[in-house]
Amino acid sequence: MYKKLVYGLTALHLCLVTAVILRMLPLGMFNGKMEAPLACLTSINYSAWRFAFFTPDIGKSTEIEAILTNRSGDTIRLSTNDDFRFFTHNLESENRFYGYKVHSAKDSMFIDLSARSASTFLLNEYPTMDRITYRMNGMIYPEMREQRRDSAIIEDTFYEITFSLY
Amino acid sequence: MDLLNNVRQRFNEFFTRPADVRTLGLFRILLSVFLLFQALLWLPDWANFLGREGWVQWELTRALNQFWHLHMEVLYAWVEPTGMTDIQFVYLFFWVYVGAGLGLLLGWYTRIWAVIAYLCHYVIMSTLPTFMYGVDIFLHISLFYMVLMPVGKVWSLDARQGRANSEPTWSSTLSIRVLQIHLCLVYFSAGYEKMAYTNWWEGNVLYRSMVQPDFRQFDMRWLAYVPVIPMVMSWLTMILETFYFIGMYVPRLRVYWLAGMIGLHLGIGLFLGLYLFGLIMIFLTVSAFGMAVYKDLRHWRINTRYADESFSLLPQKKRSLG
(Lines give C-alpha, C1' and ligand atoms only; values in the text may rest on other atoms or scores of the structure.)
Protein backbone atom coordinates (compact mmCIF):
# COMPACT_ATOMS: atom_id res chain seq x y z
CA MET A 1 0.00 0.00 0.00
CA TYR A 2 2.79 2.39 1.03
CA LYS A 3 4.78 1.49 -2.06
CA LYS A 4 1.78 2.14 -4.31
CA LEU A 5 1.19 5.49 -2.64
CA VAL A 6 4.81 6.52 -3.20
CA TYR A 7 4.72 5.45 -6.86
CA GLY A 8 1.41 7.29 -7.31
CA LEU A 9 2.70 10.53 -5.75
CA THR A 10 5.90 10.29 -7.77
CA ALA A 11 3.91 9.84 -10.98
CA LEU A 12 1.79 12.87 -10.09
CA HIS A 13 4.89 14.93 -9.31
CA LEU A 14 6.59 14.02 -12.58
CA CYS A 15 3.40 14.63 -14.59
CA LEU A 16 3.07 18.10 -13.07
CA VAL A 17 6.75 18.91 -13.69
CA THR A 18 6.38 17.72 -17.31
CA ALA A 19 3.18 19.66 -17.91
CA VAL A 20 4.58 22.88 -16.46
CA ILE A 21 8.07 22.71 -17.94
CA LEU A 22 6.78 21.81 -21.40
CA ARG A 23 4.11 24.55 -21.18
CA MET A 24 1.27 22.04 -21.52
CA LEU A 25 -0.92 23.76 -18.95
CA PRO A 26 -3.00 26.73 -20.12
CA LEU A 27 -1.62 30.06 -18.97
CA GLY A 28 -5.00 30.88 -17.40
CA MET A 29 -4.36 28.17 -14.81
CA PHE A 30 -1.55 30.23 -13.36
CA ASN A 31 -3.77 33.27 -12.89
CA GLY A 32 -7.14 31.77 -12.01
CA LYS A 33 -8.32 29.51 -9.19
CA MET A 34 -5.20 27.38 -9.37
CA GLU A 35 -2.84 30.32 -8.89
CA ALA A 36 -2.55 30.01 -5.11
CA PRO A 37 -2.14 26.20 -4.96
CA LEU A 38 0.45 26.26 -7.75
CA ALA A 39 2.34 29.14 -6.12
CA CYS A 40 2.31 27.27 -2.81
CA LEU A 41 3.61 24.12 -4.49
CA THR A 42 6.27 26.17 -6.24
CA SER A 43 7.51 27.55 -2.94
CA ILE A 44 7.79 23.98 -1.62
CA ASN A 45 9.58 22.21 -4.46
CA TYR A 46 9.41 24.33 -7.64
CA SER A 47 7.50 21.57 -9.42
CA ALA A 48 5.18 24.21 -10.91
CA TRP A 49 7.94 26.64 -11.87
CA ARG A 50 8.12 27.94 -15.44
CA PHE A 51 11.79 28.26 -16.26
CA ALA A 52 12.84 31.07 -18.59
CA PHE A 53 16.33 29.88 -19.59
CA PHE A 54 17.78 33.02 -21.08
CA THR A 55 15.08 33.36 -23.69
CA PRO A 56 12.98 36.51 -23.48
CA ASP A 57 15.12 39.16 -21.76
CA ILE A 58 18.50 38.78 -23.38
CA GLY A 59 19.69 41.88 -25.14
CA LYS A 60 17.81 44.13 -22.73
CA SER A 61 18.84 45.13 -19.27
CA THR A 62 17.90 47.46 -16.47
CA GLU A 63 20.68 49.55 -15.00
CA ILE A 64 20.46 51.53 -11.79
CA GLU A 65 22.00 54.92 -11.27
CA ALA A 66 22.18 56.65 -7.88
CA ILE A 67 23.36 60.23 -7.47
CA LEU A 68 24.07 61.25 -3.90
CA THR A 69 24.56 64.93 -3.05
CA ASN A 70 24.81 67.16 -0.01
CA ARG A 71 24.42 70.84 0.77
CA SER A 72 28.17 71.44 0.46
CA GLY A 73 27.89 70.53 -3.20
CA ASP A 74 29.63 67.13 -3.01
CA THR A 75 28.33 64.58 -5.48
CA ILE A 76 28.77 60.82 -5.68
CA ARG A 77 27.51 59.07 -8.79
CA LEU A 78 27.04 55.31 -8.73
CA SER A 79 25.92 53.33 -11.74
CA THR A 80 25.63 49.61 -12.34
CA ASN A 81 26.74 50.36 -15.86
CA ASP A 82 30.07 51.72 -14.59
CA ASP A 83 30.97 48.79 -12.40
CA PHE A 84 29.01 49.84 -9.31
CA ARG A 85 28.74 46.51 -7.55
CA PHE A 86 26.25 47.29 -4.77
CA PHE A 87 28.99 47.00 -2.11
CA THR A 88 29.05 43.25 -2.58
CA HIS A 89 32.13 41.25 -1.68
CA ASN A 90 32.09 38.86 -4.61
CA LEU A 91 30.64 38.24 -8.03
CA GLU A 92 28.08 35.75 -6.75
CA SER A 93 26.48 38.31 -4.44
CA GLU A 94 26.47 40.81 -7.27
CA ASN A 95 24.75 38.32 -9.58
CA ARG A 96 21.75 38.41 -7.23
CA PHE A 97 21.06 41.99 -8.27
CA TYR A 98 20.18 40.81 -11.76
CA GLY A 99 17.01 39.29 -10.27
CA TYR A 100 16.49 42.39 -8.14
CA LYS A 101 16.64 44.70 -11.15
CA VAL A 102 14.24 42.53 -13.15
CA HIS A 103 11.81 42.11 -10.21
CA SER A 104 11.76 45.74 -9.21
CA ALA A 105 11.16 46.95 -12.77
CA LYS A 106 8.09 44.72 -13.13
CA ASP A 107 5.63 46.44 -10.86
CA SER A 108 5.04 50.17 -10.33
CA MET A 109 4.37 49.86 -6.59
CA PHE A 110 7.28 47.55 -6.01
CA ILE A 111 9.60 49.80 -7.96
CA ASP A 112 8.71 52.67 -5.57
CA LEU A 113 9.18 50.57 -2.48
CA SER A 114 12.45 49.02 -3.57
CA ALA A 115 13.78 52.42 -4.66
CA ARG A 116 12.99 53.74 -1.18
CA SER A 117 14.60 50.70 0.43
CA ALA A 118 17.80 50.89 -1.66
CA SER A 119 18.03 54.67 -1.22
CA THR A 120 17.83 54.31 2.56
CA PHE A 121 20.61 51.74 2.39
CA LEU A 122 22.81 54.02 0.29
CA LEU A 123 22.22 57.08 2.50
CA ASN A 124 23.30 54.98 5.48
CA GLU A 125 26.42 53.92 3.57
CA TYR A 126 27.29 57.60 2.91
CA PRO A 127 26.33 59.46 6.11
CA THR A 128 27.68 62.80 4.82
CA MET A 129 25.20 62.78 1.93
CA ASP A 130 21.64 63.92 2.44
CA ARG A 131 19.95 63.73 -0.94
CA ILE A 132 19.67 60.88 -3.41
CA THR A 133 18.32 60.58 -6.93
CA TYR A 134 17.55 56.97 -7.82
CA ARG A 135 17.14 56.28 -11.50
CA MET A 136 16.41 53.15 -13.53
CA ASN A 137 17.49 52.99 -17.15
CA GLY A 138 16.29 50.48 -19.71
CA MET A 139 19.04 49.46 -22.15
CA ILE A 140 18.81 47.63 -25.46
CA TYR A 141 22.05 46.23 -26.82
CA PRO A 142 22.75 45.90 -30.55
CA GLU A 143 22.72 42.53 -32.29
CA MET A 144 25.85 41.39 -34.12
CA ARG A 145 24.70 42.88 -37.43
CA GLU A 146 23.96 46.24 -35.77
CA GLN A 147 27.25 46.14 -33.89
CA ARG A 148 29.11 45.79 -37.18
CA ARG A 149 27.36 48.99 -38.30
CA ASP A 150 28.48 50.64 -35.05
CA SER A 151 24.94 51.07 -33.77
CA ALA A 152 24.78 52.57 -30.31
CA ILE A 153 23.18 51.08 -27.21
CA ILE A 154 19.64 52.43 -26.82
CA GLU A 155 19.16 53.89 -23.34
CA ASP A 156 16.04 55.31 -21.79
CA THR A 157 15.26 56.40 -18.23
CA PHE A 158 11.95 54.88 -17.23
CA TYR A 159 11.96 55.65 -13.53
CA GLU A 160 13.40 58.45 -11.41
CA ILE A 161 12.79 59.53 -7.85
CA THR A 162 14.58 61.84 -5.42
CA PHE A 163 14.65 61.53 -1.65
CA SER A 164 15.95 64.30 0.54
CA LEU A 165 16.73 64.44 4.25
CA TYR A 166 16.23 68.19 4.41
CA MET B 1 1.29 -6.64 -29.17
CA ASP B 2 4.89 -7.80 -28.73
CA LEU B 3 6.07 -4.24 -29.14
CA LEU B 4 3.63 -3.03 -26.50
CA ASN B 5 4.72 -5.76 -24.08
CA ASN B 6 8.32 -4.98 -24.80
CA VAL B 7 7.79 -1.27 -24.06
CA ARG B 8 5.90 -2.10 -20.87
CA GLN B 9 8.64 -4.46 -19.75
CA ARG B 10 11.32 -1.88 -20.46
CA PHE B 11 9.34 0.75 -18.59
CA ASN B 12 8.96 -1.50 -15.54
CA GLU B 13 12.62 -2.43 -15.65
CA PHE B 14 13.62 1.21 -15.82
CA PHE B 15 11.78 1.97 -12.60
CA THR B 16 12.33 -1.27 -10.70
CA ARG B 17 15.67 -2.83 -11.70
CA PRO B 18 18.10 -2.12 -8.84
CA ALA B 19 20.22 0.92 -9.70
CA ASP B 20 23.59 1.90 -8.28
CA VAL B 21 22.89 3.58 -4.91
CA ARG B 22 26.21 5.41 -5.09
CA THR B 23 24.35 7.85 -7.35
CA LEU B 24 22.39 9.02 -4.31
CA GLY B 25 25.53 9.26 -2.18
CA LEU B 26 27.20 11.33 -4.88
CA PHE B 27 24.13 13.56 -5.10
CA ARG B 28 24.18 14.18 -1.35
CA ILE B 29 27.91 14.90 -1.16
CA LEU B 30 28.11 17.18 -4.21
CA LEU B 31 25.02 19.19 -3.32
CA SER B 32 25.97 19.63 0.34
CA VAL B 33 29.48 20.73 -0.71
CA PHE B 34 27.76 23.20 -3.01
CA LEU B 35 25.50 24.43 -0.20
CA LEU B 36 28.49 25.02 2.07
CA PHE B 37 30.53 26.72 -0.66
CA GLN B 38 27.66 29.04 -1.59
CA ALA B 39 27.00 29.86 2.07
CA LEU B 40 30.64 30.80 2.66
CA LEU B 41 30.63 33.05 -0.40
CA TRP B 42 27.47 34.64 0.92
CA LEU B 43 28.78 35.19 4.44
CA PRO B 44 30.38 38.66 3.94
CA ASP B 45 27.13 39.98 2.45
CA TRP B 46 24.75 37.90 4.56
CA ALA B 47 23.34 40.76 6.68
CA ASN B 48 23.03 43.07 3.68
CA PHE B 49 20.79 40.55 2.00
CA LEU B 50 18.97 38.94 4.90
CA GLY B 51 19.18 41.56 7.64
CA ARG B 52 16.26 43.69 8.76
CA GLU B 53 17.88 46.81 7.25
CA GLY B 54 19.37 45.09 4.20
CA TRP B 55 19.07 46.12 0.57
CA VAL B 56 15.39 45.26 0.64
CA GLN B 57 14.11 45.59 4.17
CA TRP B 58 12.14 42.91 6.00
CA GLU B 59 9.05 45.09 6.03
CA LEU B 60 9.00 45.12 2.25
CA THR B 61 9.94 41.51 1.54
CA ARG B 62 7.39 40.35 4.10
CA ALA B 63 4.71 42.26 2.24
CA LEU B 64 5.54 40.14 -0.81
CA ASN B 65 4.99 36.90 1.15
CA GLN B 66 1.90 34.72 1.09
CA PHE B 67 0.61 32.97 4.21
CA TRP B 68 2.52 29.77 3.39
CA HIS B 69 5.91 31.51 3.32
CA LEU B 70 8.15 31.56 6.36
CA HIS B 71 9.92 34.90 6.64
CA MET B 72 13.01 35.56 8.75
CA GLU B 73 11.03 38.20 10.67
CA VAL B 74 8.52 35.57 11.84
CA LEU B 75 11.33 33.42 13.23
CA TYR B 76 12.96 36.43 14.84
CA ALA B 77 9.69 37.33 16.58
CA TRP B 78 9.94 33.96 18.40
CA VAL B 79 13.42 34.64 19.78
CA GLU B 80 13.21 38.42 20.26
CA PRO B 81 11.98 38.09 23.88
CA THR B 82 15.31 36.44 24.76
CA GLY B 83 17.05 39.77 24.06
CA MET B 84 18.83 38.60 20.92
CA THR B 85 19.31 41.37 18.34
CA ASP B 86 18.13 40.92 14.76
CA ILE B 87 21.74 40.88 13.47
CA GLN B 88 22.76 38.22 16.01
CA PHE B 89 19.76 36.17 14.96
CA VAL B 90 20.55 36.49 11.26
CA TYR B 91 24.08 35.15 11.88
CA LEU B 92 22.82 32.41 14.21
CA PHE B 93 20.51 31.36 11.39
CA PHE B 94 23.49 31.30 9.02
CA TRP B 95 25.45 28.93 11.25
CA VAL B 96 22.45 26.63 11.72
CA TYR B 97 22.17 26.48 7.93
CA VAL B 98 25.89 25.72 7.58
CA GLY B 99 25.63 23.12 10.37
CA ALA B 100 22.79 21.40 8.53
CA GLY B 101 24.87 21.39 5.34
CA LEU B 102 27.74 19.81 7.25
CA GLY B 103 25.45 17.18 8.78
CA LEU B 104 24.24 16.34 5.29
CA LEU B 105 27.76 16.14 3.92
CA LEU B 106 28.81 13.72 6.64
CA GLY B 107 25.59 11.76 6.33
CA TRP B 108 25.10 11.81 10.08
CA TYR B 109 21.39 11.42 10.85
CA THR B 110 21.04 12.46 7.23
CA ARG B 111 17.28 12.82 7.08
CA ILE B 112 17.13 15.16 10.08
CA TRP B 113 19.81 17.47 8.68
CA ALA B 114 18.19 17.35 5.25
CA VAL B 115 14.92 18.59 6.78
CA ILE B 116 16.71 21.37 8.69
CA ALA B 117 18.72 22.44 5.63
CA TYR B 118 15.56 22.43 3.51
CA LEU B 119 13.62 24.50 6.07
CA CYS B 120 16.48 27.01 6.36
CA HIS B 121 16.54 27.32 2.58
CA TYR B 122 12.76 27.75 2.58
CA VAL B 123 13.17 30.70 4.97
CA ILE B 124 15.92 32.19 2.77
CA MET B 125 13.73 31.88 -0.32
CA SER B 126 10.78 33.44 1.51
CA THR B 127 12.88 36.31 2.85
CA LEU B 128 14.70 37.10 -0.39
CA PRO B 129 12.20 36.62 -3.20
CA THR B 130 13.69 39.47 -5.20
CA PHE B 131 17.27 38.22 -5.08
CA MET B 132 16.69 34.63 -6.12
CA TYR B 133 17.85 33.15 -9.39
CA GLY B 134 18.33 29.75 -11.03
CA VAL B 135 21.04 28.58 -8.67
CA ASP B 136 18.72 28.91 -5.64
CA ILE B 137 15.86 27.20 -7.43
CA PHE B 138 17.98 24.16 -8.29
CA LEU B 139 19.39 24.01 -4.77
CA HIS B 140 15.87 24.18 -3.36
CA ILE B 141 14.68 21.35 -5.61
CA SER B 142 17.73 19.29 -4.60
CA LEU B 143 17.16 19.86 -0.89
CA PHE B 144 13.51 18.90 -1.29
CA TYR B 145 14.61 15.65 -2.93
CA MET B 146 17.20 15.04 -0.22
CA VAL B 147 14.46 15.20 2.41
CA LEU B 148 12.51 12.44 0.66
CA MET B 149 15.19 10.30 -0.98
CA PRO B 150 17.41 7.78 0.83
CA VAL B 151 20.58 9.80 0.18
CA GLY B 152 22.36 8.56 3.30
CA LYS B 153 22.65 4.98 2.03
CA VAL B 154 26.31 5.17 1.05
CA TRP B 155 29.42 7.20 1.84
CA SER B 156 27.79 8.36 5.07
CA LEU B 157 28.20 7.99 8.80
CA ASP B 158 24.70 6.51 8.84
CA ALA B 159 25.92 3.64 6.66
CA ARG B 160 29.14 3.23 8.66
CA GLN B 161 27.30 3.19 11.99
CA GLY B 162 24.62 0.80 10.76
CA ARG B 163 21.72 3.24 10.64
CA ALA B 164 21.37 2.90 6.87
CA ASN B 165 21.38 -0.14 4.61
CA SER B 166 23.57 0.22 1.53
CA GLU B 167 21.63 -2.30 -0.55
CA PRO B 168 19.61 -0.94 -3.46
CA THR B 169 15.89 -0.87 -2.81
CA TRP B 170 12.82 0.03 -4.87
CA SER B 171 12.84 3.50 -3.30
CA SER B 172 16.51 4.13 -4.13
CA THR B 173 15.92 3.13 -7.76
CA LEU B 174 12.81 5.31 -7.96
CA SER B 175 14.72 8.24 -6.44
CA ILE B 176 17.52 7.96 -9.00
CA ARG B 177 15.04 7.83 -11.86
CA VAL B 178 13.13 10.87 -10.58
CA LEU B 179 16.35 12.85 -10.34
CA GLN B 180 17.38 11.82 -13.86
CA ILE B 181 13.96 12.45 -15.41
CA HIS B 182 13.67 15.87 -13.77
CA LEU B 183 17.03 16.89 -15.23
CA CYS B 184 16.14 15.51 -18.67
CA LEU B 185 12.90 17.53 -18.64
CA VAL B 186 14.67 20.71 -17.56
CA TYR B 187 17.29 20.40 -20.29
CA PHE B 188 14.83 19.35 -22.97
CA SER B 189 12.69 22.36 -22.26
CA ALA B 190 15.74 24.64 -22.09
CA GLY B 191 16.97 23.46 -25.49
CA TYR B 192 13.68 23.23 -27.28
CA GLU B 193 12.53 26.68 -26.15
CA LYS B 194 15.74 28.19 -27.43
CA MET B 195 15.06 26.58 -30.80
CA ALA B 196 11.86 28.63 -31.08
CA TYR B 197 13.85 31.88 -31.25
CA THR B 198 15.56 32.97 -34.48
CA ASN B 199 17.98 34.93 -32.34
CA TRP B 200 19.29 31.70 -30.88
CA TRP B 201 19.86 30.16 -34.32
CA GLU B 202 21.77 33.25 -35.42
CA GLY B 203 23.88 33.31 -32.25
CA ASN B 204 22.63 36.76 -31.26
CA VAL B 205 21.40 35.73 -27.80
CA LEU B 206 24.77 34.27 -26.89
CA TYR B 207 26.54 37.33 -28.26
CA ARG B 208 24.31 39.83 -26.47
CA SER B 209 24.48 37.95 -23.18
CA MET B 210 28.27 38.16 -23.32
CA VAL B 211 28.29 41.92 -23.96
CA GLN B 212 25.53 43.17 -21.66
CA PRO B 213 26.76 44.45 -18.26
CA ASP B 214 24.80 41.93 -16.20
CA PHE B 215 26.91 39.06 -17.46
CA ARG B 216 29.87 40.67 -19.22
CA GLN B 217 33.21 39.26 -18.07
CA PHE B 218 35.48 40.18 -20.99
CA ASP B 219 35.14 42.57 -23.89
CA MET B 220 33.62 40.20 -26.44
CA ARG B 221 32.33 42.75 -28.97
CA TRP B 222 34.84 41.39 -31.50
CA LEU B 223 32.59 38.34 -31.82
CA ALA B 224 30.20 40.48 -33.89
CA TYR B 225 32.83 40.37 -36.65
CA VAL B 226 33.15 36.57 -36.48
CA PRO B 227 29.44 35.66 -36.16
CA VAL B 228 30.07 32.04 -36.98
CA ILE B 229 31.58 31.46 -33.51
CA PRO B 230 28.50 32.46 -31.44
CA MET B 231 26.30 30.75 -34.03
CA VAL B 232 28.09 27.39 -33.73
CA MET B 233 28.20 27.72 -29.94
CA SER B 234 24.45 28.36 -29.91
CA TRP B 235 23.73 25.32 -32.08
CA LEU B 236 25.90 23.15 -29.86
CA THR B 237 24.09 24.44 -26.77
CA MET B 238 20.68 23.70 -28.28
CA ILE B 239 21.72 20.19 -29.40
CA LEU B 240 23.34 19.30 -26.07
CA GLU B 241 20.34 20.49 -24.07
CA THR B 242 17.48 19.27 -26.25
CA PHE B 243 18.87 15.78 -26.79
CA TYR B 244 20.30 15.41 -23.28
CA PHE B 245 17.61 12.79 -22.53
CA ILE B 246 18.92 10.64 -25.38
CA GLY B 247 22.61 11.34 -24.99
CA MET B 248 22.62 10.46 -21.30
CA TYR B 249 20.91 7.10 -21.75
CA VAL B 250 23.09 5.73 -24.55
CA PRO B 251 26.09 3.89 -23.08
CA ARG B 252 29.44 5.37 -24.17
CA LEU B 253 27.77 8.28 -25.95
CA ARG B 254 26.95 9.63 -22.49
CA VAL B 255 30.67 9.94 -21.73
CA TYR B 256 30.97 12.54 -24.49
CA TRP B 257 27.62 14.07 -23.60
CA LEU B 258 28.62 14.55 -19.98
CA ALA B 259 31.91 16.12 -21.10
CA GLY B 260 29.88 18.41 -23.39
CA MET B 261 27.55 19.44 -20.55
CA ILE B 262 30.49 20.16 -18.27
CA GLY B 263 32.07 22.25 -21.03
CA LEU B 264 28.80 24.12 -21.58
CA HIS B 265 28.45 25.00 -17.90
CA LEU B 266 32.11 25.92 -17.55
CA GLY B 267 31.51 28.31 -20.44
CA ILE B 268 28.49 29.80 -18.64
CA GLY B 269 30.65 30.31 -15.58
CA LEU B 270 33.63 31.74 -17.41
CA PHE B 271 31.97 33.98 -19.99
CA LEU B 272 28.77 34.99 -18.21
CA GLY B 273 30.15 35.09 -14.67
CA LEU B 274 27.49 32.68 -13.40
CA TYR B 275 30.04 30.45 -11.68
CA LEU B 276 27.73 29.02 -9.05
CA PHE B 277 24.97 28.37 -11.55
CA GLY B 278 27.43 26.53 -13.79
CA LEU B 279 28.74 24.59 -10.80
CA ILE B 280 25.36 23.44 -9.51
CA MET B 281 24.32 22.27 -12.97
CA ILE B 282 27.58 20.33 -13.35
CA PHE B 283 27.06 18.78 -9.91
CA LEU B 284 23.48 17.81 -10.74
CA THR B 285 24.41 16.18 -14.03
CA VAL B 286 27.38 14.39 -12.48
CA SER B 287 25.14 13.24 -9.60
CA ALA B 288 22.44 11.89 -11.87
CA PHE B 289 24.60 10.24 -14.54
CA GLY B 290 28.16 10.27 -13.16
CA MET B 291 28.10 6.70 -11.89
CA ALA B 292 26.80 5.41 -15.23
CA VAL B 293 29.55 7.31 -17.04
CA TYR B 294 32.11 5.97 -14.58
CA LYS B 295 30.96 2.41 -15.33
CA ASP B 296 31.15 3.07 -19.07
CA LEU B 297 34.70 4.31 -18.68
CA ARG B 298 35.68 1.26 -16.63
CA HIS B 299 34.18 -1.16 -19.17
CA TRP B 300 35.92 0.75 -21.87
CA ARG B 301 39.25 0.43 -20.14
CA ILE B 302 38.80 -3.28 -19.46
CA ASN B 303 37.71 -3.96 -23.05
CA THR B 304 40.60 -1.95 -24.42
CA ARG B 305 43.02 -3.83 -22.18
CA TYR B 306 41.68 -7.21 -23.36
CA ALA B 307 41.83 -6.06 -26.95
CA ASP B 308 45.46 -5.04 -26.45
CA GLU B 309 46.30 -8.34 -24.77
CA SER B 310 44.65 -10.38 -27.50
CA PHE B 311 46.65 -8.43 -30.02
CA SER B 312 49.93 -9.18 -28.38
CA LEU B 313 49.44 -12.56 -26.68
CA LEU B 314 47.16 -14.66 -28.87
CA PRO B 315 48.83 -16.49 -31.73
CA GLN B 316 48.27 -14.51 -34.89
CA LYS B 317 46.74 -16.22 -37.88
CA LYS B 318 49.12 -16.22 -40.81
CA ARG B 319 47.71 -14.46 -43.80
CA SER B 320 48.71 -15.03 -47.37
CA LEU B 321 47.73 -13.45 -50.61
CA GLY B 322 47.64 -16.65 -52.53
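**Figure 1. Helix H12 of chain B and its buried residues.** Asn204(B), Val205(B), Leu206(B), Tyr207(B), Arg208(B), Ser209(B), Met210(B) and Val211(B) are the buried residues of H12(B). Buried means under 20% relative accessible area, exposed over 50%, and partly exposed in between, with a 1.4 Å probe and protein chains only. Helices (H or I, at least four residues) and strands (E, at least two) are DSSP runs, numbered from the N terminus. Eight of the eight residues of this helix (residues 204–211) are buried, so H12(B) is largely enclosed by the rest of the structure. Its buried residues pack against elements of both chains: strand S3 (131–140) and helix H5 (144–148) of chain A, and helices H11 (198–202), H13 (228–242) and H15 (253–272) of chain B. Contact means heavy atoms within 4.5 Å.

The model is predicted: local features need pLDDT of at least 70, side-chain atom pairs count only at pLDDT 80 or more, and totals for chains, interfaces and linings use all residues. Residues are numbered from 1 along each chain as its sequence is written, chains are lettered from A and ligands numbered from 1 in the order in which they are written, and side-chain values use heavy atoms, with hydrogens and water left out.

**Figure 2. The packing of helices H6 and H7 in chain B.** H6(B) (residues 86–106) and H7(B) pack at about 145 degrees, and their axes are 8 Å apart. Axes are lines fitted to C-alpha atoms, for helices over the stretch in contact; angles run from 0 to 180 degrees between N-to-C directions. H6(B) contributes Phe93(B), Val96(B), Tyr97(B), Gly99(B), Ala100(B), Gly103(B) and Leu104(B) to the contact. From H7(B) come Thr110(B), Trp113(B), Ala114(B), Ile116(B), Ala117(B), Cys120(B), His121(B), Val123(B) and Ile124(B). The residues of this contact divide into 12 nonpolar, four polar and no charged. Ala, Val, Leu, Ile, Met, Phe, Trp, Tyr, Cys and Pro count as nonpolar, Asp, Glu, Lys and Arg as charged, and the others, Gly among them, as polar.

**Figure 3. Helix H7 of chain B, end to end.** H7(B) runs over residues 110–127. Its 18 residues should span 26 Å at 1.5 Å a residue, and the end C-alpha atoms are 26 Å apart, which agrees. The expected span is 1.5 Å times one less than the number of residues. Buried residues of H7(B) include Tyr118(B), Tyr122(B), Met125(B), Ser126(B) and Thr127(B).

**Figure 4. Phe11 in chain B.** Phe11(B) lies in helix H1 (residues 2–16). At 52% relative accessibility, Phe11(B) counts as exposed. Tyr91(B) is 80 residues apart from Phe11(B) along the chain, and their C-alpha atoms are separated by 48 Å.

**Figure 5. Ser79 in chain A.** Ser79(A) lies in strand S2 (residues 75–79). At 7% relative accessibility, Ser79(A) counts as buried. Leaving aside neighbours within four places in sequence, Ser79(A) is in contact with Ile64(A), Glu65(A) and Phe84(A). Chain A has five helices and four strands, in the order α-α-β-β-α-α-β-α-β along the sequence. Buried residues make up 45% of the 166 residues in chain A.
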